Amino acid sequence: MTRFAVYVACYEGLKIEVLLFDATSGTLVPLSQFSTAAPVHCLAMHPAKEKLYASLATDPPSVASLHISARGSLQHSATASSTARLAYLAVDPTGRFLLGASYEGNFISVARIDDKGNVPDAPLNSKSPGRHAHAVLPSPDGRFVYATSLGDDQIVWWLLHDEGHLVRQGSLPCPPNSGPRHLRFSPDGGVLYALHELSGAMRSYARDEVTGALAEINDASTIAPELGLIPGTIRNGTGPAPGANAIWSAELQVNPDGRFLYATERTSSTIAVLAHDIPTQSLTLRATVKTEEQPRGMAIDPTGKFLLVCGEISNRISIYRINRASGLLTWESSLGCSAGPRWIEFSPYQEGSNYPESRARKVPLPT
């Protein structure tokens, strides 16, 4: 499989862009647009790749279940309400539960997914990891759920029971004012990585698969000194506005073999490339790459050959080829999209469909 559907949540454009990505040529072309009629915060893909879930800023907030056709187009199939807007969505590995994190509501939630792949009702339950919950992620074995509290500088984990109930197991403090934001697991699930929005730190934690407990292994900065950035502050409208050069880290991705990590920083509009030495568990900042303006979302294609990054202000998606040996990025091309892109998901295509020819063209990146 070398061709994939790409779904891009465009907040201001009130759309989910549907595009075709060819991992042989590294080209991206538009297919269709799905109107959400409301700002779309984030997306999550069902493990079976037949359903896509979208967090919408409707009144009241909601989560839409969307069916994916053979050619990647989307059809609405169900809507569930939420007590607050969800900044992050994830599906447990069994495909039974949709997890959500609410930055403004200070909670994570668990909603049941029915046998048709829909989330038809409000969440079964919710828990608070602390102020400004920003990410929620199930462990690869589906036994535990991990969440960040950006406002209280901690990572919290729960045991996820078969009926969808969460039982708190523990928490781990992060350095004050570091703002843990996004989480990713190593390919084998033994290490949890956390990107910190306010300090730009990347921290790795060993995970006990029996108890779910975390123990810090190592850390590295994703912010090169030459960027001239200062520590960021919480962005919730209650305190002073961050400085123009304040750190504002966003998305974290890990390549399929676990040797390289990628982190976006929105103030400098850059991607940090970190090398992860698996035998020693050390993290090293390898490079800083200029990219789309205010890069919030990115994703690695299923083949592991390319990284796609979207710019909230530039309203474009850039494609980078990943060097398998060094992890370094080579820009391939960029493509315009609807306003405010902030999240990217992939799903496979069925081979043999009548796909459009590539119309991607190289355009200069912002300087």
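Modeller: When residues are sorted by class, Ala, Val, Leu, Ile, Met, Phe, Trp, Tyr, Cys and Pro count as nonpolar, Asp, Glu, Lys and Arg as charged, and the others, Gly among them, as polar. Please also keep in mind that this is a predicted model.

Colleague: How do the residues lining the largest pocket divide by class?
Modeller: The lining of the largest pocket has 25 nonpolar, 7 polar and 7 charged residues. In total 39 residues line the largest pocket, and those nearest its centre are Lys49, Leu137, Arg184, Gln253 and Glu345. The space in the largest pocket comes to about 1,200 Å³.

Colleague: And which strand gives the most to that lining?
Modeller: Strand 28 does, with 7 residues. Among the strands that each supply at least two residues of the lining are strand 4 (40–45), strand 12 (133–138), strand 20 (249–254) and strand 28 (341–348).

Colleague: What about the second largest pocket, what is its volume?
Modeller: The second largest pocket has a volume of about 430 Å³. It is lined by 18 residues, and Ala87, Tyr103, His134, Arg296 and Arg342 are the closest to its centre. By class, the lining of the second largest pocket is made up of 5 nonpolar, 3 polar and 10 charged residues.

Colleague: Switching topic, how many salt bridges are there?
Modeller: The count comes to 13 salt bridges. As background, side chains of opposite charge can pair when their charged atoms come close.

Colleague: Take Arg85, what does it form a salt bridge with?
Modeller: Arg85 pairs with Glu104, and their closest N and O atoms are 2.9 Å apart. This pair links distant parts of the chain, 19 residues apart, with Arg85 in the loop between strand 7 (74–81) and strand 8 (88–91), and Glu104 in the loop between strand 9 (97–102) and strand 10 (107–112).

Colleague: Are those two buried or partly exposed?
Modeller: Arg85 is partly exposed, with a relative accessible area of 30%, and Glu104 is also partly exposed, at 44%.

Colleague: And Glu197, which residue is its partner?
Modeller: Glu197 forms a salt bridge with Arg181, with 2.7 Å between the closest N and O atoms. Here Glu197 sits in the loop between strand 17 (191–196) and strand 18 (201–207), while Arg181 belongs to strand 16 (residues 180–185), so that the pair links parts of the chain 16 residues apart.

Colleague: Buried or exposed, that pair?
Modeller: Glu197 counts as buried, at 3% relative accessibility, and Arg181 counts as buried too, at 2%.

Colleague: How about disulfides, how many are there?
Modeller: The count of disulfides is 0. Cys310, for example, is in no disulfide, and the nearest cysteine sulfur, which belongs to Cys337, lies 6.8 Å away. Cys310 is buried, with a relative accessible area of 0%.

Conventions:
Residues are numbered from 1 along each chain as its sequence is written. This is a predicted model: local features need pLDDT of at least 70, side-chain atom pairs count only at pLDDT 80 or more; totals for chains, interfaces and linings use all residues. Side-chain values use heavy atoms; hydrogens and water are left out. A salt bridge is a side-chain nitrogen of Lys or Arg within 4 Å of a carboxyl oxygen of Asp or Glu. Helices (H or I, at least four residues) and strands (E, at least two) are DSSP runs, numbered from the N terminus. Buried means under 20% relative accessible area, exposed over 50%, partly exposed in between (1.4 Å probe, protein chains only). A disulfide is a pair of cysteine sulfur atoms within 2.5 Å. On a 1 Å grid over the protein atoms alone, a cavity is a set of points where a 1.4 Å probe fits but cannot get out, and a pocket is an open set with protein on both sides within 12 Å along at least five of seven lines; lining residues have an atom within 4 Å of a point. Grid points are joined across faces, edges and corners, and a volume is the space filled by probe spheres set on the points.
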